Amino acid sequence: MTALLHAASPERRAVLSRRIRLFAAVTITYNLIEAVVALWAGGVADSSALIGFGLDSVIEVASALALSWQFSAKDPERREHLTLRIIAISFFALAVFVSVDAVRSLAGGGEAQHSTPGIVIAALSLAVMPVLSWAQRRAGRELGSKTAVADSKQTLLCTYLSAVLLAGLVLNSTLGWWWADAGAALGIAAIAVREGVNAWRGDVCCTVPTDDVSPPGRCCPGCTPEAQPQALSLNLRPKD
């Protein structure tokens, strides 16, 4: 006889749901500020990279709003499929924005000027986003929510974009390498497409289906199977 013991009690699931809503609210608030600053600084400095970063922040707000909408329901799992679709589309939209921005820059669409506000917001995002993404992913994995984990990947992608933007702004300001962030941005766009496909399929990092655990090898880099709620098997068959 085998008994399966799942870790998350109803009380714990309620706590995790509230925590995910809180993280989504923080993501929305921060990204709204980030979008305003980046779009304003991008316009002043004629920086397509900063403008693209600002548009990315707008897309992240849409993803976080979709997650908040899901967890505002009494049964969030009923809205999971549609929310995953919304998050996937936001990844694809991000990839399009970043790709168009990078190609425009590489084609000589204008040389960006030095931007101190841009460097500050990129550095701040590089410090804030990894922590927020980790907290979202941890709560989502414990709850077994694919949408929460997918949204944490959206936040993590902002970290990569922040690093690319910061490097591009600094290199442009110090060495005049205007093409540096555009080339790296194309790599970020490829990552966004991959994550969009994973979210569309519901194949996101280390989430746990209701009645089973993810098969080996399904965790993405940095996610260990040990962090998932494990099933406990009790074998009551007598020894030979």
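**View 1. Confidence along the predicted model.** Helix α4 (residues 116-143) has the highest confidence, at a mean of 88, and helix α6 (residues 180-201) the lowest, at 78. The values are pLDDT, the predictor's confidence in each residue from 0 to 100. Residues 1-6 have a pLDDT below 50, and this stretch makes 15 contacts beyond near neighbours in sequence; a contact means heavy atoms within 4.5 Å. Across the protein the mean pLDDT is 74, with 79% of residues at 70 or more. This is a predicted model, in which local features need pLDDT of at least 70, side-chain atom pairs count only at pLDDT 80 or more, and totals for chains, interfaces and linings use all residues. Residues are numbered from 1 along each chain as its sequence is written, and side-chain values use heavy atoms, with hydrogens and water left out.

View 2. Asp-46 follows α1 and has a positive phi, near 55 degrees.

**View 3. Trp-179 in the loop between α5 (146-174) and α6.** Trp-179 counts as partly exposed because its relative accessibility is 43%; buried means under 20% relative accessible area, exposed over 50%, and partly exposed in between (1.4 Å probe, protein chains only).

Key
Helices (H or I, at least four residues) and strands (E, at least two) are DSSP runs, numbered from the N terminus.
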